[in-house]
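Student: I would like to learn how to read a structure such as this one, feature by feature. Could we go through it together?

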Amino acid sequence: MVKPKRLLRLLLRIIVLGSTLAAVIIMATSHEKGTFFALSYEAKYSDTPAFKFFVIANAIVTVYAFLVLFIPSESQLWGLVLALDLVFTMLLISSISAALAVAQVGKKGNSSAGWLPVCGQVTKYCNQVTGALVAGFIAIITYIILLLYSIYTFLNPLLGKNG
């Protein structure tokens, strides 16, 4: 029978795995052709370095989250996993911050710089980017909960507290 602590950790890791994988798939498949006056263009994630960073970061975390599922609960590697969880949480936060900044410019434009909003012309693309960002936020929130829980579980025996 699986212990409740192990089950909670497993559930949180599966949520992280699913949400980062969803973020990668949604963002990587986002593209749409649009026209602005007589100009035709294609909006796709690979045109923006921040979106590429978002996809790569989420793909790395997806692979890591999958591999961690196979580490036995009694393994001495959990101290390393805790440190890597912190690193990957920071990676996810930085990637979504960059992607969110670019998405905001795409949605609202920037009148000071003379950048026009593009979401009016490529709504499907913008909706997919929004969906990927939502999945990314779910991953970050879940990872922060997982990280806090892991720190608590790791430090609890060291502090001599039971329960």
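**Reading the disulfide and the helix packing**

Tutor: Let us begin with the covalent link, keeping in mind that this is a predicted model; the structure holds one disulfide.

Student: Is the link of C119 and C126 left-handed or right-handed, and are the two cysteines buried or exposed?

Tutor: The handedness is read from the angle about the S-S bond, which is -90 degrees for C119 and C126, a left-handed link. Both C119 and C126 are buried.

Student: At what angle do helix α1 and helix α3 pack?

Tutor: For a helix pair one reads the angle together with the distance between axes: α1 (residues 4-28) and α3 (residues 78-108) pack at about 35 degrees, with their axes 14 Å apart. In this pairing α1 passes α3 in a left-handed crossing. The contact is made by R6, R9, R13 and T20 on the α1 side, and by W78, V81, D85 and L92 on the α3 side; by class, that contact comprises four charged, three nonpolar and one polar residue.

Student: Which residues does UniProt list for "transmembrane region"?

Tutor: An unreviewed UniProt entry lists residues 7-30, 50-70, 77-102 and 132-155 under that name.

Technical notes. Residues are numbered from 1 along each chain as its sequence is written. This is a predicted model: local features need pLDDT of at least 70, side-chain atom pairs count only at pLDDT 80 or more; totals for chains, interfaces and linings use all residues. Side-chain values use heavy atoms; hydrogens and water are left out. Axes are lines fitted to C-alpha atoms, for helices over the stretch in contact, and angles run from 0 to 180 degrees between N-to-C directions. Helices (H or I, at least four residues) and strands (E, at least two) are DSSP runs, numbered from the N terminus. A crossing is left-handed if the near helix is turned anticlockwise from the far one by less than a right angle, and right-handed if clockwise. Contact means heavy atoms within 4.5 Å. Ala, Val, Leu, Ile, Met, Phe, Trp, Tyr, Cys and Pro count as nonpolar, Asp, Glu, Lys and Arg as charged, and the others, Gly among them, as polar. A disulfide is a pair of cysteine sulfur atoms within 2.5 Å. Buried means under 20% relative accessible area, exposed over 50%, partly exposed in between (1.4 Å probe, protein chains only). UniProt positions are given in the numbering used here, feature names are shortened, and annotations may be inferred rather than shown by experiment.
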